[in-house]
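Okay, thanks for coming, everyone. Let me put the model up on the screen and then talk you through a few spots in it.

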Amino acid sequence: MLRRKLLVGGASALFATPALARTSAATAPHPAASSSYATFLAGVRREAIGQGISAAIVDQALALTSQPNAKVLKADRHQPEFTLTWAQYKDRVLTEKKISDGLTAVGQRAALLNRISSTYGVAKGAIAGIWGLESAYGTRMGTFHVIDALATLAYDGRRSAFFRSELMKALSILGQGDITPAGMLGSYAGAMGQPQFMPSAYLRYAASYPEGGRRDIWHNEADVFASIANYLAKCHWQPGQPWGEEVLLPDTITQAQIGRTAVHPIAWWAQQGVRPRAGQFSSAVQEGAIIRPDGVGGEAFIVYHNFNVIRRYNPSDFYALGVGLLGDAIT
């Protein structure tokens, strides 16, 4: 069986537990860190003001972080590593509750999802699937102050350049007035709101719906859906095309013959004996690739261009399959 290693954390943490919120002496900041952290924050303040961000906004934001956050450091340094098969991942992600909750959530917002899907040319199943996996339909966005989390990780040094860049982008967002410093909440790694955008993704993809307002991915579901749709549209989603579907493979096809980059015409796959598990191949697509995440004996899928677009949101076959299957189930 093929197994996939998943690191828990970031925008799509599947197994986060309340234990991550507990502080231990091993991860508490050293008292001597206070003065050097203050020096670090002073440098951040100078840089942000130098970029034209209001000093008042910068001061309000940095007031949320007085020392490295031990909870953030603990979560970052102790991400449990899981080795999961696709079948195990699917069982954990596509639960009956997740699907039931999704049917209810999507049903209550069907008109809005339909409008945004039409506006951006992106399937509502993809929008809803990402919404469900990223924040459980807006119910689990994270409770960390993003400025505090990013400043802690930028100071920590392990990936300081990346997180300092994200911190400066978060301050830039605050300078635009879309959210208050106290309202900018997210994961311990700085992924924000219901779509779990890092600040860099927010600046590039966040959208207001209707256009022209401030972009609120924390509370405004229209903005949440539009932002996810805009992300996928700008990553070249092809309207009217599916992401993929489950197929049955003949024994003559080996694992070495398939994979996400082994793209062939649909007619060629049909000639090899590949058959959709339900119905017929979609007439909207001309070519695709076969993936079988757990190897011989496991589920197989034919995936199309839009599957790779979903992977731009999170570069994991498991994640893209989860989004596609969840979106199909709840829309």
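Ground rules, quickly. This is a predicted model, so local features need pLDDT of at least 70 and side-chain atom pairs count only at pLDDT 80 or more, while totals for chains, interfaces and linings use all residues. Residues are numbered from 1 along each chain as its sequence is written, and side-chain values use heavy atoms, with hydrogens and water left out.

If you take contacts (heavy atoms within 4.5 Å) with a separation of 6 or more, 74% of them are between residues 24 or more positions apart.

Now the helix pairs. Two packed helices are described by the angle between their axes and the distance between the axes. Here the axes are lines fitted to C-alpha atoms over the stretch in contact, and angles run from 0 to 180 degrees between N-to-C directions.

So, how do α11 and α13 pack? Helix α11, residues 221–234, meets helix α13, residues 305–313, at an angle of about 120°, and the axes are 9 Å apart. That makes the two oblique to each other; for the cut-offs, under 35 degrees is roughly parallel, over 145 roughly antiparallel, 65 to 115 roughly perpendicular, and the rest oblique. The crossing is right-handed, meaning that the near helix is turned clockwise from the far one by less than a right angle, with anticlockwise being left-handed. On the α11 side you have Ile228, Tyr231 and Leu232, and they meet Val309, Ile310, Arg312 and Tyr313 of α13. That contact splits into six nonpolar residues, no polar and one charged. By class, Ala, Val, Leu, Ile, Met, Phe, Trp, Tyr, Cys and Pro are nonpolar, Asp, Glu, Lys and Arg are charged, and the others, Gly among them, are polar.

The other pair is α3 (70–77) with α8 (146–156): their axes come within 9 Å and cross at roughly 65°. Again, α3 and α8 have a right-handed crossing. Val72, Leu73, Asp76 and Arg77 of α3 touch Ala149, Thr152, Leu153 and Asp156 of α8.

Two bridges join β6 to β8, residues 287–291, and proline 265 sits opposite glutamate 287 in β8.

Last, two residues. Valine 44 is in α1, residues 33–50, and is buried at 0% relative accessible area. Its C-alpha is 8.5 Å from that of arginine 164, 120 residues away along the chain. Leaving out residues up to four places away in sequence, valine 44 touches Leu62, Arg164, Leu167, Met168 and Leu171.

And leucine 94: buried or exposed? Buried, at 17% relative accessibility, in the loop between α4 (86–93) and α5 (96–108). Its C-alpha lies 9.4 Å from that of alanine 329, 235 residues apart in sequence.

Methods:
Helices (H or I, at least four residues) and strands (E, at least two) are DSSP runs, numbered from the N terminus. Two strands pair if DSSP finds at least two bridges between them. Buried means under 20% relative accessible area, exposed over 50%, partly exposed in between (1.4 Å probe, protein chains only).
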